[in-house]
Amino acid sequence: GNGDRTTMRLSVLLSTLCVQYAASFTHLTMMKHMATGGRNKSQTAVWGQKRTGRNRNRDGKTLVMMPQGTPMVPWQPPGSDYAQFVDIYSRLYRERIMLIGKFIDQQEANQIISILLYLKKEDPDKKITLYFNCPGAELRPALAVYDTIMQCKETCEISTLNLGLATGMASLLCGSGTKGMRAAMPNSRFLLQRVGLERPFQGQASDIGLEVSNMKKSNDNMERELAKMTGRSVTEVRNDMKRDFYLSSDEAVTYGLIDHVLVPKTKGTEIVEYKRDPWTGRAIPVTDDRDVDLGNFEGTEEQKYQDQKGGGFGGKGGSTLPNGDDGNDDDDDYWEKRIS
């Protein structure tokens with residue numbers, strides 16, 4: 001009857017409450033485990049102290065950490081009394097400087113082209129500087145950037161500098177600057193190579209053949225532009241690019257890809273020569289072997305007693321020894337003369 005039904009309902013309700021309680025307890029236990037990493041109270045307290053101490057120096061002051069994202073630098077707009085923080089790349093753009101350090105695909109090429117067009121529109125006669133440390137580029141987007149640079153060269157100067165590595169089409173872009181303003185760092189490298197398909201191409205056999213033919217024409221255009229840039233024949237450039245063609249900064253100047261290498265100036269440094277010590281066999285620096293004494297002073301100007309012989313002050317050649325001895329006799333003769 002009714003008693004059995006009531007008992008059944010209570011048992012079902014109790015079972016449901018037990019299941020919910022178990023689920024909530026399990027959830028809370030998992031959250032606590034994730035927060036503490038499976039540590040007890042004492043271990044959690046010690047771990048928290050160590051974690052807090054990681055970001056502090058010996059004086060207990062909080063360390064200034066380097067930014068994880070794009071660095072922000074202050075910039076004061078013209079006519080403004082206050083500076084605002086902008087990302088460092090935007091700050092370089094305001095100085096007409098571009099750092100090309102990413103692989104140039106379609107999106108990166110569109111960004112470079114838009115910045116070049118904006119800088120040309122802002123001041124058609126002011127120089128634009130391009131810094132390269134680029135791992136490579138797709139063929140057709142890089143040719144679009146190349147054409148934009150050539151258009152900008154008609155009104156403003158384009159300065160290019162290879163900081164580290166210019167691979168593939170990046171080498172062509174680095175050599176597309178204004179003649180006399182194409183440079184490279186001493187340890188930079190250039191890699192000239194033909195570019196293949198950017199991504200796998202699928203379709204009918206005739207469509208694949210057309211795509212390969214189009215890619216070959218684009219490579220031929222790149223070789224012609226490179227030959228025009230370096231003053232070499234197309235056949236020579238094509239033979240050089242049959243395999244990966246590496247060039248150092250000096251070799252790139254000889255090849256005609258750039259104009260000069262930026263060598264840092266050394267102030268106050270001299271080349272130190274070394275010689276082998278005959279006794280120890282160690283390399284020792286070569287110094288001036290000239291003896292320095294009271295009659296031979298160091299310096300560029302002629303001193304009072306320099307290059308003058310004599311034992312007395314004034315260097316007149318007079319002797320300070322008894323009986324007018326000139327000092328050529330040995331000690332025995334001297335004492336014999338004194339005794340006599």
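Q: Helices here are DSSP runs of H or I with at least four residues, and strands are E runs with at least two; how many helices and strands does the protein chain come to?
A: This is a predicted model, and the secondary structure of its protein chain comes to 10 helices and 11 strands.

Q: And how much of the chain is buried?
A: Of the 340 residues, 25% count as buried. As for how the chain folds back on itself, among contacts between residues at least 6 apart in sequence, 57% join residues at least 24 apart.

Q: Which residues touch the most other members of the largest nonpolar core?
A: That core has 45 residues, and those touching the most other members are Ile104, Leu116, Leu130, Met169, Leu172, Phe190 and Leu226. The element that gives the most to this core is helix α5, residues 139-152, with 7 residues.

Q: OK, stay on α5: which of its residues are buried, and what do they pack against?
A: The buried ones are Leu139, Pro141, Ala142, Leu143, Val145, Tyr146, Thr148, Ile149 and Cys152. They pack against α4 (106-122), β4, β5 (158-167), α6 and α7.

Q: What about its length, how far apart are the end C-alpha atoms?
A: They are 20 Å apart, which agrees with the 20 Å that the 14 residues of α5 should span at 1.5 Å a residue.

Q: Zooming in on Ala142, buried or exposed?
A: Ala142 counts as buried because its relative accessibility is 0%, where the cut-off for buried is under 20%. Leaving aside neighbours within four places in sequence, Ala142 is in contact with Ala137, Met169 and Leu173.

Q: Now the helix pair: how do α5 and α7 cross?
A: The axes of α5 and α7, the latter being residues 205-230, come within 11 Å and cross at roughly 35°, and the crossing is left-handed. On the α5 side the contact is made by Leu139, Arg140, Leu143 and Tyr146, and on the α7 side by Glu211, Asn214, Met215, Ser218, Asn219, Met222, Glu225 and Met229. By type, the residues of this contact divide into 6 nonpolar, 3 polar and 3 charged.

Q: What covers the buried residues of α7?
A: The cover includes α5, α6 (169-174), β6 (182-184), β7 (189-192), α8 (234-240) and α9 (249-255). Among the buried residues of α7 are Glu211, Met215, Asp220, Met222, Leu226 and Met229.

Q: How far does α7 reach, first C-alpha to last, and what follows α7?
A: With 26 residues, α7 reaches 37 Å, close to the 38 Å expected at 1.5 Å a residue. Gly231 follows α7, and its phi is positive, near 80°.

Q: Last one, why is Thr129 classed as buried?
A: Thr129, in strand β4 (residues 128-134), is buried because its relative accessible area is 11%, the cut-off being under 20%. Not counting residues up to four places away in sequence, Thr129 touches Arg96, Ile97, Met98 and Ser159.

How values were computed. Residues are numbered from 1 along each chain as its sequence is written. This is a predicted model: local features need pLDDT of at least 70, side-chain atom pairs count only at pLDDT 80 or more; totals for chains, interfaces and linings use all residues. Side-chain values use heavy atoms; hydrogens and water are left out. A nonpolar core is a set of buried Ala, Val, Leu, Ile, Met, Phe, Trp, Tyr and Cys residues joined through side-chain atoms within 4.5 Å. Buried means under 20% relative accessible area, exposed over 50%, partly exposed in between (1.4 Å probe, protein chains only). Axes are lines fitted to C-alpha atoms, for helices over the stretch in contact, and angles run from 0 to 180 degrees between N-to-C directions. A crossing is left-handed if the near helix is turned anticlockwise from the far one by less than a right angle, and right-handed if clockwise. Contact means heavy atoms within 4.5 Å. Ala, Val, Leu, Ile, Met, Phe, Trp, Tyr, Cys and Pro count as nonpolar, Asp, Glu, Lys and Arg as charged, and the others, Gly among them, as polar. The expected span of a helix is 1.5 Å times one less than its number of residues.
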